[in-house]
Amino acid sequence: MGVVLVSLGLREVIERERVPYPDKERLFMVLGLLLSGRISMGKAAELLGLRIDDFWLLLYKLGVKYSILDEEEVEEELNEYEKVFKSST
């Protein structure tokens, strides 16, 4: 019985949110999979029937911050950028 109450409460929260996607339950389930690292950005877009750029826009509208790079990769990219930028001046 507790599961049913939680599901009803969750459904109410999902329906209350102003989300520019018709199937909010599917959207939040896919977002959970994406943010937990279980699926890729491309797979998430595919599951929602969106182009990848439309999915990025939806994430932006929802205020979801997502990076395809981990912290170490971001650091490496910044270091490479600095090397290129310094060598061009």
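Mentor: One term before we start: contact means heavy atoms within 4.5 Å. Also, this is a predicted model.

Trainee: OK. What does Tyr21 contact, leaving aside its neighbours within four places in sequence?
Mentor: Tyr21 is in contact with Arg26, Leu27, Leu48, Leu50 and Leu58.

Trainee: Is Tyr21 buried or exposed?
Mentor: Buried: the relative accessible area of Tyr21 is 11%, and the cut-off for buried is under 20%.

Trainee: Stepping back, how many helices and strands are there?
Mentor: The chain has 5 helices and 0 strands, so from the N terminus on the elements run α-α-α-α-α.

Trainee: How do α2 and α3 pack?
Mentor: Helix α2 covers residues 24–35 and helix α3 residues 41–48; their axes are 10 Å apart, at an angle of about 170°. The two helices are therefore roughly antiparallel to each other, because angles over 145 degrees count that way.

Trainee: Which residues of α2 and α3 meet?
Mentor: From α2, Arg26, Leu27, Val30 and Leu34; from α3, Met41, Ala44, Leu47 and Leu48. By class, this contact of α2 with α3 has 7 nonpolar residues, 1 charged and no polar.

Trainee: What about α2 against α4?
Mentor: There the angle is about 95° and the axes are 13 Å apart. That makes α2 and α4 roughly perpendicular to each other. Leu27, Leu31 and Leu34 of α2 meet Phe55, Leu58, Leu59 and Leu62 of α4. The residues of that contact divide into 7 nonpolar, no polar and no charged.

Trainee: That leaves α3 with α4. At what angle do their axes cross?
Mentor: The axes of α3 and α4 cross at roughly 95° and come within 9 Å. These helices too are roughly perpendicular to each other. On the α3 side the contact is made by Met41, Gly42, Ala44, Ala45 and Leu48, and on the α4 side by Ile52, Phe55, Trp56 and Leu59. By class that contact has 8 nonpolar residues, 1 polar and no charged.

Trainee: Changing topic: where is Ser67?
Mentor: Ser67 is in the loop between α4 (52–62) and α5 (71–87). With a relative accessible area of 43%, Ser67 is partly exposed. C-alpha to C-alpha, Ser67 is 9.6 Å from Met41, and the two are 26 residues apart in sequence.

Trainee: And for the whole chain, what share of residues is buried?
Mentor: Buried residues make up 18% of the 89 in the chain. The chain exposes about 7,200 Å², with carbon and sulfur atoms supplying 57% of it.

Trainee: Last thing, confidence. What is the mean pLDDT?
Mentor: The mean pLDDT of the chain is 78, and 71% of its residues reach 70 or more. Among the elements, α3 has the highest mean pLDDT (93), and helix α1 (residues 2–16) the lowest (56).

Trainee: What is the pLDDT over residues 1–6?
Mentor: Below 50. Beyond near neighbours in sequence, residues 1–6 have 0 contacts in the model. Where pLDDT is low, the predicted coordinates should not be read in detail.

Technical notes
Residues numbered from 1 in each chain as written. Predicted model: local features only at pLDDT ≥ 70, side-chain atom pairs only at ≥ 80, totals over all residues. Heavy atoms only, no water. Axes fitted to C-alpha atoms, helices over the stretch in contact; angles between N-to-C directions. Helix = DSSP H or I, 4+ residues; strand = E, 2+ residues; numbered from the N terminus. Parallel < 35°, antiparallel > 145°, perpendicular 65-115°, else oblique. Nonpolar A, V, L, I, M, F, W, Y, C, P; charged D, E, K, R; others polar. pLDDT = per-residue confidence, 0-100. Buried < 20%, exposed > 50% of the residue type's maximum accessible area, 1.4 Å probe, protein only. Areas by Shrake-Rupley, 256 points an atom, 1.4 Å probe, with all protein chains shown as cover.
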